[in-house]
Amino acid sequence: MKEFARTFYKSKAWQRTRDGYASSVGGLCEECLTKGLYKPGEIVHHMQPLTPDNISDPSIALAWDNLELLCRDCHAAKHGSVK
(Lines give C-alpha, C1' and ligand atoms only; values in the text may rest on other atoms or scores of the structure.)
Protein backbone atom coordinates (compact mmCIF):
# COMPACT_ATOMS: atom_id res chain seq x y z
CA MET A 1 0.00 0.00 0.00
CA LYS A 2 1.29 3.43 -0.88
CA GLU A 3 2.05 5.62 2.13
CA PHE A 4 -0.24 8.48 1.01
CA ALA A 5 -3.19 6.06 0.93
CA ARG A 6 -2.68 4.34 4.29
CA THR A 7 -5.11 6.56 6.23
CA PHE A 8 -7.74 6.36 3.46
CA TYR A 9 -7.75 2.55 3.36
CA LYS A 10 -8.20 2.41 7.15
CA SER A 11 -11.12 4.88 7.08
CA LYS A 12 -14.68 3.85 7.92
CA ALA A 13 -15.86 5.49 4.68
CA TRP A 14 -13.62 3.21 2.59
CA GLN A 15 -14.44 0.11 4.64
CA ARG A 16 -18.19 0.71 4.21
CA THR A 17 -17.76 1.43 0.49
CA ARG A 18 -15.54 -1.62 -0.06
CA ASP A 19 -17.85 -4.00 1.80
CA GLY A 20 -21.01 -2.60 0.22
CA TYR A 21 -19.56 -2.80 -3.27
CA ALA A 22 -18.28 -6.37 -2.83
CA SER A 23 -21.73 -7.46 -1.62
CA SER A 24 -23.48 -5.66 -4.47
CA VAL A 25 -21.61 -7.68 -7.10
CA GLY A 26 -22.16 -11.02 -5.38
CA GLY A 27 -18.66 -11.46 -3.98
CA LEU A 28 -17.21 -12.90 -7.20
CA CYS A 29 -14.26 -11.64 -9.22
CA GLU A 30 -15.72 -9.48 -11.97
CA GLU A 31 -12.80 -10.10 -14.34
CA CYS A 32 -13.06 -13.88 -13.99
CA LEU A 33 -16.82 -13.69 -14.56
CA THR A 34 -16.20 -12.14 -17.98
CA LYS A 35 -14.34 -15.36 -18.82
CA GLY A 36 -17.08 -17.63 -17.45
CA LEU A 37 -15.09 -18.43 -14.29
CA TYR A 38 -16.50 -18.30 -10.78
CA LYS A 39 -13.81 -17.25 -8.35
CA PRO A 40 -14.23 -15.32 -5.09
CA GLY A 41 -13.29 -11.67 -5.25
CA GLU A 42 -10.88 -10.52 -2.57
CA ILE A 43 -9.80 -6.98 -3.47
CA VAL A 44 -11.93 -3.98 -4.37
CA HIS A 45 -9.80 -2.28 -7.02
CA HIS A 46 -9.91 1.36 -8.15
CA MET A 47 -10.04 1.39 -11.96
CA GLN A 48 -8.81 5.01 -11.99
CA PRO A 49 -5.84 4.70 -9.63
CA LEU A 50 -5.75 6.79 -6.49
CA THR A 51 -3.11 9.50 -6.37
CA PRO A 52 -2.20 12.11 -3.78
CA ASP A 53 -4.19 14.59 -5.90
CA ASN A 54 -7.46 12.61 -6.18
CA ILE A 55 -7.62 10.51 -3.01
CA SER A 56 -9.68 13.19 -1.24
CA ASP A 57 -12.23 13.33 -4.08
CA PRO A 58 -15.13 11.02 -3.15
CA SER A 59 -16.28 10.95 -6.80
CA ILE A 60 -13.10 8.97 -7.53
CA ALA A 61 -12.09 7.34 -4.24
CA LEU A 62 -15.55 6.18 -3.12
CA ALA A 63 -17.56 6.01 -6.36
CA TRP A 64 -18.84 2.55 -7.18
CA ASP A 65 -18.45 3.22 -10.91
CA ASN A 66 -14.67 3.43 -10.31
CA LEU A 67 -14.51 0.10 -8.50
CA GLU A 68 -14.30 -3.55 -9.44
CA LEU A 69 -14.03 -6.66 -7.29
CA LEU A 70 -11.07 -8.84 -8.25
CA CYS A 71 -9.41 -12.05 -7.11
CA ARG A 72 -5.75 -11.77 -6.13
CA ASP A 73 -4.54 -13.06 -9.51
CA CYS A 74 -6.60 -10.56 -11.52
CA HIS A 75 -5.59 -7.72 -9.21
CA ALA A 76 -1.92 -8.61 -9.66
CA ALA A 77 -2.42 -8.71 -13.45
CA LYS A 78 -4.01 -5.22 -13.40
CA HIS A 79 -0.91 -3.97 -11.61
CA GLY A 80 1.46 -5.81 -13.95
CA SER A 81 2.76 -8.31 -11.41
CA VAL A 82 1.45 -11.62 -12.75
CA LYS A 83 2.72 -14.69 -10.93
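A polar contact is a pair of N or O atoms within 3.5 Å; within protein, one atom must be able to donate a hydrogen and the other to accept it, and residues adjacent in sequence count only if both atoms are side-chain atoms. The structure examined here is a predicted model, in which local features need pLDDT of at least 70, side-chain atom pairs count only at pLDDT 80 or more, and totals for chains, interfaces and linings use all residues. Residues are numbered from 1 along each chain as its sequence is written, and side-chain values use heavy atoms, with hydrogens and water left out.

Asparagine 54 makes such polar contacts. A polar atom of its side chain lies 2.7 Å from the backbone nitrogen of threonine 51. The asparagine 54 side chain also reaches the backbone oxygen of proline 49, at 3.2 Å. Asparagine 54 sits in the loop between E1 and H4. Here helices (H or I, at least four residues) and strands (E, at least two) are DSSP runs, numbered from the N terminus. The relative accessible area of asparagine 54 is 9%, so the residue is buried. Buried means under 20% relative accessible area, exposed over 50%, and partly exposed in between (1.4 Å probe, protein chains only). Contacts, defined as heavy atoms within 4.5 Å, were also listed. Leaving out residues up to four places away in sequence, asparagine 54 touches Gln48, Pro49 and Ile60.

The two strands were examined next. E1 and E2 pair in the antiparallel sense over 4 bridges. Pairing requires that DSSP finds at least two bridges between two strands. Within this pair, histidine 45 stands opposite glutamate 68 in E2. Histidine 46 stands opposite leucine 67 in E2. Strand E1 spans residues 43-46. Its Ile43 and His45 point one way, its Val44 and His46 the other, and all are buried. E2 is likewise covered on both faces. Leu67 and Leu69 lie on one side of E2, Glu68 and Leu70 on the other, and all are buried.

In soluble globular proteins, nonpolar side chains tend to be buried together. A nonpolar core is a set of buried Ala, Val, Leu, Ile, Met, Phe, Trp, Tyr and Cys residues joined through side-chain atoms within 4.5 Å. The largest such core has 12 residues: Ala5, Phe8, Trp14, Tyr21, Ala22, Val44, Leu50, Ile55, Ile60, Ala61, Leu67 and Leu69. H2, H4 and E2 each supply at least two residues of this core. H2 gives the most, with 3 residues. A second, separate core has 5 residues, among them Cys32, Leu70, Cys71 and Cys74.

The criterion is a pair of cysteine sulfur atoms within 2.5 Å. The closest cysteine sulfur to that of cysteine 71 belongs to cysteine 74, at 3.6 Å, which is too far for a bond. Cysteine 71 has 1% relative accessibility and therefore counts as buried. Cysteine 74 is also buried, at 10% relative accessibility.

Aromatic pairs were searched for across the whole structure, and 4 were found. Rings of Phe, Tyr and Trp (its six-membered ring) pair if their centres lie within 6.5 Å; planes under 30 degrees apart count as stacked, over 60 as edge-to-face and the rest as tilted. Phenylalanine 8 and tryptophan 14 form a tilted pair, 5.4 Å centre to centre with 40° between the planes. Both residues are buried. The rings of tyrosine 21 and tryptophan 64 have centres 5.6 Å apart and planes at 85°, so this pair is edge-to-face. It links distant parts of the chain, 43 residues apart. Tyrosine 21 is in helix H2 (residues 12-24), and tryptophan 64 is in the loop between helix H4 (58-61) and strand E2 (67-70). Tyrosine 21 counts as buried at 6% relative accessibility, whereas tryptophan 64 counts as partly exposed at 43%. Ring pairs also link Phe8, Tyr9 and Trp14 into a cluster. Beyond residues up to four places away in sequence, phenylalanine 8 touches Trp14, His46, Leu50, Ile55, Ala61 and Leu62.

Methionine 1 lies in the segment before helix H1 (6-10). Its relative accessibility is 62%, so methionine 1 counts as exposed. With residues up to four places away in sequence not counted, methionine 1 touches Arg6 and Tyr9. Methionine 1 and serine 23 are 22 residues apart in sequence and 23 Å apart in space, C-alpha to C-alpha.
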